Amino acid sequence: MTTSTTPTTKGDAPFLLTKRRIWIIFGALISGMLLSSLDQTIVSTAMPTIVGELGGVEHQAWITTAYLLATTIVMPIYGKFGDVLGRRNLFLAAIAIFTLASIGCAFADDFWMFVVFRAIQGLGGGGLMILSQAIIADIVPASERGKYLGPLGAVFGLSAIGGPLLGGFFVDHLTWQWAFYINIPVGVAAFVIAWMALTLPSKKASKRIDVLGVVLLSAATTCLIFFTEFGGQADHGWGAGETWTWGAGFLVAVGLFVFVESRADDPIIPLSFFRNKVFVLATGIGFVLGIGMFSAIAFVPTFLQMSSGASAAVSGLLLLPMMAGLIGTSILSGNLITKTGRYRIYPIVGTILTGIAMLLFTTLTADTPLAMICVFLFVFGAGLGLIMQVVVLVVQNSVDAANVGTATSTNNYFREVGAALGVAVFGAMFTSRLTSNLTTVFTDAGASPSDASSATATLDPAALNELPDAIRRLVVEAYADSLAPVFAYLVPFIAVALVLALFLPQIALSDVAGMVARGEALSGAEAEELEAAGRGRATSTAGEAATAAAVASGATAVPPTGAAPDGDAAPDAESPRRPDAG
């Protein structure tokens with residue numbers, strides 16, 4: 001164990017995981033997840049307008065890359081520090097960072113300033129994601145965790161419906177800044193709810209924190225993302241010296257990281273994880289899936305707005321079929337796993353559906369009916385819903401309870417690395433191809449090279465609708481020709497994920513919550529009995545205090561709770577034993 005496990009509750013009472021407390025904590029987690037998920041759907045809908053007004057169309061991939069890079073870097077930090085120090089204060093800090101960065105995004109008047117604040121948002125968003133998953137593993141056994149996917153599905157469903165509507169409304173009737181103003185009241189409410197309801201024990205580190213490992217892992221992640229980003233850009237390319245400087249930095253940082261972790265007292269990512277077959281396969285599925293999944297999610301709204309000519313509000317609503325598929329299969333698979341204890345089939349079916357969706361996306365053109373696009377998105381979402389939560393559950397179940405946060409963050413870290421790689425590489429391919437195609441369209445229409453470049457950089461849906469029909473048609477075709485082929489390059493990655501899923505073994509799901517397994521809490525009937533006894537003692541104490549006050553004031557004494565009618569004290573019931581919290 002790397003921490004002291006004595007919960008910081010009143011006196012020597014144990015921390016009781018009663019059903020009531022579990023749902024209260026779960027409600028606090030939902031408030032934080034609503035903040036993050038609502039932001040993602042709103043911003044994705046407003047993205048084309050944001051990059052158009054800030055003059056960053058040719059660099060728009062940096063917005064997604066910056067957020068993912070920051071999220072990826074901090075995930076292992078939140079996971080390990082949560083295991084070592086407790087998760088409550090970290091969760092509150094993540095909400096605060098995310099909310100404050102939203103204010104910065106709203107007031108950014110320059111594209112690169114916006115990118116910086118979006119990255120800071122990622123520092124908070126990474127914590128909301130990891131800590132929520134780890135806290136659920138702390139309070140709910142793996143064998144019962146599936147039934148909690150229903151409320152989570154409701155949160156994402158609310159975000160899926162409310163986010164596009166709000167994002168479209170803000171863009172069409174107000175300004176894109178409102179996509180971030182909305183985070184302020186939501187963030188404040190989430191912070192207050194978490195402060196009041198997220199009652200979890202704090203802990204103290206008993207071993208030296210792996211600061212050098214944190215630095216080296218951050219350096220390796222940064223170098224890898226910049227290596228792929230520079231390589232995919234026309235301004236640099238794979239033959240540029242600066243591109244391979246980042247590549248060399250990545251190799252050096254990884255080598256030093258492995259060396260340091262093999263000797264650290266409490267490594268931020270224990271190398272023993274990679275000797276665990278279940279962990280390796282489940283994490284590999286997440287990594288490969290992340291490459292394809294986030295690439296599609298990042299650019300589908302742009303395709304819908306620009307290639308299909310849909311408004312911001314309509315393009316956001318068109319993502320609802322994807323969320324319906326994701327939520328439906330997530331809830332279904334979660335309930336079936338709880339009933340049967342078996343999970344292996346779901347990642348297999350999920351990767352097949354996701355691969356089919358990728359193939360369908362390759363057929364997208366400016367003339368593809370919106371109804372057909374909705375079908376494609378539903379299949380895509382249904383595949384993701386069978387994989388995402390299941391993979392996290394499998395990873396958490398495959399490690400010791402003391403490392404559940406670290407394992408959760410490591411799994412998510414590699415998935416986000418895959419996502420960042422996918423968005424960087426395929427996003428660069430898309431934007432490079434798009435910039436070239438749009439410049440050609442405006443040049444052929446009679447614009448000078450400088451005017452064509454300026455028009456390309458500032459093109460947004462509003463500007464598109466003001467163009468002559470002939471030019472607008474060519475612009476729409478340029479978007480379609482630039483994006484649709486990218487999906488074909490993602491299909492092989494989904495095929496690799498399928499192979500990994502086929503080799504994923506079936507193991508028994510734990511029936512003990514993480515905090516109980518670590519000796520930090522009591523659960524089940526024992527916890528319910530102790531809480532009931534505690535309420536009884538509190539009522540008795542309150543009654544005795546009231547009686548004493550009445551006697552002191554000269555009033556007639558009222559028999560205390562539990563006294564016989566004639567004033568003789570009734571026999572005390574034997575109080576249940578209060579076990580040691582440690």
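**Entry 1: α8 and α9**

I started with this helix pair: α8 and α9 are roughly antiparallel to each other, a label for angles over 145 degrees, with under 35 being roughly parallel, 65 to 115 roughly perpendicular and the rest oblique. This is a predicted model, so I kept in mind that local features need pLDDT of at least 70, side-chain atom pairs count only at pLDDT 80 or more, and totals for chains, interfaces and linings use all residues. Residues are numbered from 1 along each chain as its sequence is written, and side-chain values use heavy atoms, with hydrogens and water left out.

I looked up the geometry next. The axes of α8 (residues 211-231) and α9 (residues 241-261) cross at roughly 155 degrees and come within 8 Å. Helices here are DSSP runs (H or I, at least four residues), numbered from the N terminus; axes are lines fitted to C-alpha atoms over the stretch in contact, with angles from 0 to 180 degrees between N-to-C directions.

α8 passes α9 in a left-handed crossing, meaning the near helix is turned anticlockwise from the far one by less than a right angle; clockwise would be right-handed. I also checked what sits in the contact of α8 with α9: 18 nonpolar, five polar and two charged residues.

**Entry 2: a surface patch**

I found a nonpolar patch on the surface made of Leu 85, Ile 209, Val 211, Leu 212 and Val 215, with about 410 Å² of accessible area together. Such patches take residues with over 30% relative accessible area and no salt bridge, nonpolar side chains being joined within 5 Å. The areas are Shrake-Rupley values with a 1.4 Å probe. α8 gives the largest share of the patch, three residues, and Leu 212 lies in this helix.

**Entry 3: around α14**

I then turned to α13 (residues 345-361) and α14 (residues 370-385), whose axes come within 7 Å and cross at roughly 155 degrees. That pair is therefore roughly antiparallel, and α13 passes α14 in a left-handed crossing.

For α12 (residues 320-340) and α14, I noted axes that come within 6 Å and cross at roughly 30 degrees. That makes α12 roughly parallel to α14, and the crossing is right-handed.

Technical notes. Helices (H or I, at least four residues) and strands (E, at least two) are DSSP runs, numbered from the N terminus. Ala, Val, Leu, Ile, Met, Phe, Trp, Tyr, Cys and Pro count as nonpolar, Asp, Glu, Lys and Arg as charged, and the others, Gly among them, as polar. Patches are made of residues with over 30% relative accessible area and no salt bridge: like charges are joined within 9 Å, nonpolar side chains (Val, Leu, Ile, Met, Phe, Trp, Tyr) within 5 Å. A salt bridge is a side-chain nitrogen of Lys or Arg within 4 Å of a carboxyl oxygen of Asp or Glu.
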